[in-house]
Amino acid sequence: MKKFADIKKVAVAGLILLFSSSVIAEESRPNSVPIYISGKFGTIVVRPKVKSATELKTKNIVKQKHDFSCGSAAVATLFKYYLNDPVTEEQVIKGLFHFGNKKKIIENRGFSLLDIKKLANALGYKVGGYKTDVEGLVTLGKPAIVTIVIGNYKHFVVFRGVHKNRVFLADPALGNTIVSVKKFEKMWYKNIALIIEPKGNRKLDKLAISDEDLVWVRSDAIRNSLFLQQIQSFKSNTEF
């Protein structure tokens, strides 16, 4: 019996050593949070991989690089993560200048929904402009480029969907953002939405509301939403 007990101790020691080795390897891995589990034979550290708030905030969004480029970044976001057409913000800017109204773009220091429509049409996409309400957007069931007004500024974002009276937006300036339906209705410029249809079966669902997004609702992330923050954007007369 004593010999069996000694063998058991050696086995347990081996397991602890094995866990320790894996923990050392885990220590060098980023995005992990230590969880300490105490037991009869000591403490084991487990480091499950987690995503930071910043990573979730910027997931599946092309961030704008210029104060005037929220429109081009919103278009690049929609193209890359919904239309499965991975263009860059720089390519979109060049395309909008080429196919859009250059004079007004320069005057307004920004693009319009009409410029975006012309570019998408030139690239072979079917585009629809809709004047509707939030319920209509939900019924359409597709991401849409919309303009919101904050103070005296107009700002382009991608409408992703609605869940439990919360509107989910892909914002080129602030990242993934949640606002109440009531606040969104106040900010939404002229209730106009631009829908760009995918080509064939190329559509991606990376802008759809995910389980990760719902964590923000459950943690009351609405407190950090778009309408509570200052945005440096462009002042323009949006067409369309």
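How many helices and strands make up the secondary structure of the protein? In this predicted model, the count comes to nine helices and eight strands. Of the 240 residues, 42% are classed as buried. Among contacts with a separation of 6 or more, 63% link residues 24 or more positions apart.

Spanning residues 70-81, helix 3 has 12 residues and reaches 16 Å from its first C-alpha to its last, close to the 16 Å expected. Because 11 of these 12 residues are buried, helix 3 is largely enclosed by the rest of the structure. The buried residues include Cys70, Gly71, Val75, Leu78, Phe79 and Tyr81. Their packing partners are helix 4 (89-99) and helix 6 (113-122), together with strand 4 (144-150), strand 5 (153-163), strand 6 (166-171) and strand 8 (188-196).

In soluble globular proteins, nonpolar side chains tend to be buried together. Here, the largest nonpolar core has 31 residues, and Ile116, Ile145 and Ile196 have the most contacts inside it. At least two residues of this core come from each of helix 3, helix 4, helix 6, strand 5 and strand 8. Helix 3 provides the largest share, seven residues. Beyond its neighbours within four places in sequence, Ile116 touches Gly71 and Val75, as well as Leu96, Ile145, Phe156, Leu194 and Ile196. A second, separate core of 17 residues includes Val157, Phe159, Phe184 and Trp188.

Note on methods: Residues numbered from 1 in each chain as written. Predicted model: local features only at pLDDT ≥ 70, side-chain atom pairs only at ≥ 80, totals over all residues. Heavy atoms only, no water. Helix = DSSP H or I, 4+ residues; strand = E, 2+ residues; numbered from the N terminus. Expected span 1.5 Å × (residues − 1). Buried < 20%, exposed > 50% of the residue type's maximum accessible area, 1.4 Å probe, protein only. Contact = heavy atoms within 4.5 Å. Core = buried A, V, L, I, M, F, W, Y, C linked by side-chain atoms within 4.5 Å.
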